[in-house]
Amino acid sequence: MTHIAIFASGAGSNAREIIRYFRGVEDIIVSLIVTNRPDAGVIEVARDAGIPVLLLEKERFFRGDGYIKELKTNGIDLIVLAGFLWKVPPSLIENFKDLIINIHPALLPKFGGKGMFGIHVHEAVINAGEKESGITIHLVDEQYDHGKTIFQARIPVSASDTPFTLAEKIHKLEHGHYPAVIEDFIQKSKRG
Ligand code: GRF
């Protein structure tokens, strides 16, 4: 059995889709939700699904590593970031080497890095006059939105798109792809 921990700071719509998807997969389970915000929508998603939540305060996340032990003793094999807004500290990356995945709502390496999250990304895409945007699923390293790309999907940006309509399309694209890409990543790493 592969155990996934999802890290999320926001609404948790990707978390919800991932949880739903793996309900139908025998040997993979989402067994923990980690968040840094006591008011994050993802907490309700976890509650609805009966999945435990670990709430991390800043100090504990960036200075301590007690929670890493907790992840290990809970048997977590893979960390999936789904709208997690803190930079992942080196201690976590070392302990989960090539086992942390992120989704970014644009075609990296464009429109990534510090400050490029949520609606800011789509604003930047539209202001740059891009003809297409998309999603990037990648491994996490010490730099924001930087690790090896695992998967990209593209959609056209139309002249009538606003940052909000584009955000909605991108969200749908994420929901449609992220769970299956995670499954594929796990199956491939099992085969070595
Ligand atoms: C997604 O667009 C994801 O790409 C980004 O944060 C957003 C999270 O949305 N990293 P949600 O909380 O899953 O609805």
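Select Ala11 and the ligand together: a backbone N or O atom of Ala11 lies 3.4 Å from an oxygen atom of the ligand, a polar contact in the sense of a pair of N or O atoms within 3.5 Å, where within protein one atom must be able to donate a hydrogen and the other to accept it, and residues adjacent in sequence count only if both atoms are side-chain atoms. This is a predicted model, in which local features need pLDDT of at least 70 and side-chain atom pairs count only at pLDDT 80 or more, while totals for chains, interfaces and linings use all residues. Residues are numbered from 1 along each chain as its sequence is written, and side-chain values use heavy atoms, with hydrogens and water left out.

The residues around the ligand, each with a heavy atom within 4 Å of it, are Gly10, Ala11, Gly12, Ser13, Asn14, Gly83, Ile103, Pro105, His171 and Glu174.

Next, select Thr2, which is in strand β1 (residues 2–7); helices (H or I, at least four residues) and strands (E, at least two) are DSSP runs, numbered from the N terminus. Thr2 counts as buried because its relative accessibility is 9%, the class limits being under 20% relative accessible area for buried, over 50% for exposed and in between for partly exposed (1.4 Å probe, protein chains only). Leaving aside neighbours within four places in sequence, Thr2 is in contact with Asp27, Ile28, Ile29, Asp77, Ile186 and Lys190, contact meaning heavy atoms within 4.5 Å.

Now show helix α6 (residues 119–127) and helix α7 (residues 163–191), which pack at an angle of about 115 degrees with their axes 9 Å apart. The axes are lines fitted to C-alpha atoms, for helices over the stretch in contact, and angles run from 0 to 180 degrees between N-to-C directions. To see the contact itself, select Ile119, His122, Glu123, Val125 and Ile126 of α6 together with Pro163, Phe164, Leu166, Ala167 and Ile170 of α7.

From there, move to Asp161, in the loop between β7 and α7, which counts as buried because its relative accessibility is 9%.

Go on to the loop between β6 (132–139) and β7 (149–156), where His146 is found. His146 counts as partly exposed because its relative accessibility is 41%, and its side chain makes a polar contact with the side chain of Asp141 (2.5 Å). A distance drawn between the C-alpha atoms of His146 and Ser160, which are 14 residues apart along the chain, comes to 30 Å. Asp145 is also in the loop between β6 and β7, and has a positive phi of about 50 degrees although it is not a glycine.

Two backbone features complete the tour. Asp98, in the loop between α5 (90–95) and β5, has a positive phi of about 55 degrees although it is not a glycine. Finally, select Leu108 and Pro109, which are joined by a cis peptide bond with omega about 10 degrees; Pro109 is in the loop between β5 (100–104) and α6.
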